[in-house]
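The following exercises are to be worked through with the sequence and the model at hand. Each task is followed by a solution in steps.

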Amino acid sequence: MSNHLPNEARVIPLRPHGARPAGAPPRQAQPAPVVKEPLWRDLVGDVLRRERLAQERTLKDVAEEARISMPYLSEVERGRKEASSEVLAAAAHALGLNLCDLLTRAQGELTRVTSRYAGTGRRGASTSSHDGMCLAA
């Protein structure tokens, strides 16, 4: 007599968990996860937010001084808006920086973040030894 309920199926594994059938090809190693490069707007927003917090200033204070709306500045800081150079310059000036300072800090952050996976053989990766920044209008 069986201990199972009449409408319940019993599963009997045909081979142990993880075992391969005879003649099956060996398992391929899982590819390393692809690390995406950060977006420029995320880097610039991070720099703006870090500088604002380092100065212990509120979003409202900086937005008023920069003459941009507080919600828009918040979205720029969070990397949700692609701000114009005029807006970035205004936010930077409100924080006592110039546009060059802001972009140089963002470029430094980009270099730091991407150097973690620079040697992974990415297609199109630069082999240049220059540590500079190029911006085009």
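Two residues are in contact when heavy atoms lie within 4.5 Å. The model is a predicted one: local features need pLDDT of at least 70 and side-chain atom pairs count only at pLDDT 80 or more, while totals for chains, interfaces and linings use all residues. Residues are numbered from 1 along each chain as its sequence is written, and side-chain values use heavy atoms, with hydrogens and water left out.

**Exercise 1. Overall composition**

Task: State how many helices and strands the protein has, and what share of its residues is buried.

Solution. 

Step 1. Helices (H or I, at least four residues) and strands (E, at least two) are taken as DSSP runs, numbered from the N terminus. On that basis the protein has 5 helices and 0 strands, and its pattern along the sequence reads α-α-α-α-α.

Step 2. A residue is buried under 20% relative accessible area, exposed over 50%, and partly exposed in between (1.4 Å probe, protein chains only). Of the 137 residues, 26% are buried.

Step 3. Among contacts with a separation of 6 or more, 64% are between residues 24 or more positions apart.

Step 4. Accessible areas come from the Shrake-Rupley method with a 1.4 Å probe, and for residues only the protein chains shown count as cover. The protein exposes about 10800 Å², of which carbon and sulfur atoms supply 54%.

**Exercise 2. The buried side of α3**

Task: Determine which residues of α3 are buried, and which helices they pack against.

Solution. 

Step 1. The buried residues in α3 are Leu73, Ser74, Val76 and Glu77. They lie on the same side of α3, because they cover an arc of only 160 degrees around the axis; the arc is that of the directions from the helix axis to the C-beta atoms.

Step 2. An α-helix has 3.6 residues a turn, so residues three or four places apart point the same way.

Step 3. The partners of these buried residues are α1, α2 (59-66) and α4.

Step 4. Ala63, found in helix α2, is buried at a relative accessible area of 2%. Apart from its neighbours within four places in sequence, Ala63 is in contact with Ile68, Ser69, Met70 and Leu73. Between Ala63 and Ala90 the C-alpha to C-alpha distance is 9.0 Å, and the two are 27 residues apart in sequence.

**Exercise 3. Salt bridges**

Task: Count the salt bridges, and explain which parts of the chain the pair Glu82 and Arg41 ties together.

Solution. 

Step 1. A salt bridge is a side-chain nitrogen of Lys or Arg within 4 Å of a carboxyl oxygen of Asp or Glu. This criterion gives 9 salt bridges.

Step 2. One of them joins Glu82 and Arg41, at 3.4 Å from N to O. Since Glu82 lies in the loop between α3 (70-77) and α4 (85-94) and Arg41 in helix α1 (residues 40-54), the pair ties together parts that are 41 residues apart in sequence. Glu82 is exposed, at 54% relative accessibility, whereas Arg41 is partly exposed, at 28%.

Step 3. Glu77 and Arg52 also form a salt bridge, their closest N and O atoms being 2.7 Å apart. Glu77 lies in helix α3 and Arg52 in helix α1, so this pair ties together parts 25 residues apart in sequence. Glu77 is buried at 3%, and Arg52 is buried at 8%.

Step 4. Asp61 meets Arg57 in a salt bridge of 2.6 Å, N to O. Asp61 is partly exposed at 31%, whereas Arg57 is buried at 17%.
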